[in-house]
Amino acid sequence: MTMLRSLSSGNPINTVHRAKLAYVYVRQSSVGQIRHHQESTALQYRLVDRALGLGWPRERVEVIDDDLGKSGAEAQHRYGFQRLIAEVGLGHAGLVLSYDASRLARNNSDWHQLLQLCSMFSVLIADSERLYDPAVYHDRLLLGLSGIMSEAELHQIRMRLHQGERQKAARGELRMPLPAGLTQASGGGIMLNPDAEVQARIRLVFDSFCGLGSAKAVVRYLRKADLALPVRPLRGPAPHEVVWRDANDARVRTILKNPAYAGAYVYGRRCAAPERRSLGTAHPTKAVPREEWEVCIKDAHPGYIGWEEYMTINDRLADNVGNFRVGHRGAPRRGRALLQGIVICGSCARRMALNYSGPESDFPVYRCRGDRDLGAGEYCQEVRAPRIEAEVERLFLAALAPDQLAVTLAALDEINTDAHALDRQWALKRERATYETERARRQYDAVEPENRLVARSLESIWEDKLRDAERIEQDYQRWKAEQASTLSAEERARIAAFGIDLPRLWKSLSNADRKAMLRLIIDEVVVDQRRAKGMVWIRILWQTGAATEHWLMRRTQSYADAAHSEQIEKRVRELNAQGCMDAQIAAALNDEGLRNSRGGAFDNGTIHLLRKRWDIPTAKINGVEYNPLRWPDGSYSIQGAADVLGVTAQTVFKWLNKGRLHGRQLAKGQPWQIDLVDEEIGLLKAQVRRTTPSRRTAS
């Protein structure tokens, strides 16, 4: 009935509709369209007259133009469209006017959401030609087809634009935004920025990264030297002038990762990433892997570095992000572990992770999670770091010892090169400050003295430039004094003559510097403690391609897991059978190069505990026989002395402690040998006879 009523009556507007508001929605897709296609914008605003002609008073007609300069492909950042949806849902709207369906939405999801709400709340929709009632089937069908055509039109426009853009980019003719270090040449093409300071600063970023190996280290280096970076902002009308900004990680990485600085023309470095919309970015994008770039024309224009150096730098940046699953080692950090990121499991060939254990979480341990990742529940192997790192450190310093003089000369050359490079940067910085000051002075001199309104402003600018130039000069003098006090000419001559004390220098370095220095010589360290009991197998792969293998005894909690435990037990039994005491056995084992389970030297206490563990009896003068009353040398045993004196064995021990008897033991646990002569025996027996009756009488 509703459809028949709409078809029979040509005007579906009634008093219910006019009692509500009429909303005119105005939208242009881009700022360029607003600037150059003003007639289209004016046509949309004239829809107010159409609302007036349909019977709405002017005070009940509202214009929503919040979305000027925004695409209709989605409603996420179109706050005007969101407001329109809200007004329809709240029942405030009676009529929605737009020039055509493409103005309201270029997305069927948004378009049909609007149609559904308008149908539910009896809201009419009007364009520049006719009036529609979404509650009527045929009107809703026409509106739906209009939305489909609008979305298809946007798709076709995009396809044509993208195809033309790709073809132009394939020839290298599509103009791309240039970084601060490059500029468009007047005759066409791309050239290096003619500003010498910009060129020097860009080259300094690449040179310092090659020396420091980390983007954050480059940031710290630039901030310490108070050197800003050139940046070309891409917002606002062209041409975009270069501005100077403080160094940070994002700006340094932008320079290092930009292939334009390697002289390459690249198209397709980034692609759309709709999954990142939750981050709040209007059009989120993500980086495309280098091998998937659509267009990459090498040597298309002058650059600051070569293509091979560019790939090396980007591989180094990727490797600095610790990701063991893809084989990235991570940048050297400040932790105690020396081999962080370069330790490989000798059992499964996976890179081993670093953990810190102990009461204060400062004891480094390398763990391979290979078996745990496969569901085994245990680590593939767990290796304690200190002894392994000490051995690698010893081998590292030994490898550098023959080239100590060459290292010294290279270090001096690096110091001189770095000082000259920074001095050049400061010279350019001071020159720019001088130019800015002179320019402000000329502007002030050019103004008429009577025009104080302008003269005061120019005078203030001139004073600011003078203060900036003075501050830069003071900073330069301070930096120069620090450089002079760092290493004098006499110290340089002495270092060149005697060389650098590498072990002493090594101890003075920070943990991060040690790791960075170690990685210059060593590529990987493979460890395996499963190949031999109580031992760790170490394979060092040097940066030269050579590989060396080493064995290191590890510390164990039990002699059952200790290296050479069978040999140690065999030697203890042999030496004990020969009548050697515990101290003698310990000395013999130490002389043979054997070590205890903790990696230290043996002592008599350790041998005593081992004999108890292995049930080895104490070596005696008479072997395993019972002690005789008298020994072959004429001395008495404990029982022999007790019998000859007529006392108990306990009394003999008591007299030995008090010094009334004199005896000796070859070692602790050995039988006593007591020296007694006839006169002494007679005196002691007499004392026993005198004391015994008196005790009986007293009792």
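This briefing covers aromatic pairs, charges over rings and the surroundings of one arginine. The model is predicted, so local features need pLDDT of at least 70 and side-chain atom pairs count only at pLDDT 80 or more, while totals for chains, interfaces and linings use all residues. Residues are numbered from 1 along each chain as its sequence is written, and side-chain values use heavy atoms, with hydrogens and water left out.

**Aromatic pairs**

- Rings of Phe, Tyr and Trp (its six-membered ring) pair if their centres lie within 6.5 Å; planes under 30 degrees apart are stacked, over 60 edge-to-face, and the rest tilted.
- The count by this rule is 8 aromatic pairs.
- Tyr261 and Tyr304 form an edge-to-face pair because their ring centres are 5.5 Å apart and their planes lie at 70°.
- Tyr261 is in the loop between α12 (249-257) and β10 (265-267), and Tyr304, 43 residues away, is in the loop between β13 (295-297) and α13 (307-320); helices (H or I, at least four residues) and strands (E, at least two) are DSSP runs numbered from the N terminus.
- Ring pairs join Phe206, Tyr261 and Tyr304 into a cluster.
- Tyr261 is buried at 2% relative accessible area, and Tyr304 is buried at 9%; buried means under 20%, exposed over 50%, partly exposed in between (1.4 Å probe, protein chains only).

**Charges over rings**

- A charge sits over a ring if NZ of Lys or CZ of Arg is within 6 Å of the ring centre and within 35 degrees of the ring normal.
- The charged end of Arg430 sits over the ring of Tyr476, 4.3 Å from its centre.
- For Arg660 over the ring of Trp655, the distance to the centre is 4.5 Å.

**Arginine 103**

- Arg103 lies in helix α7 (residues 101-104) and is buried, at 10% relative accessibility.
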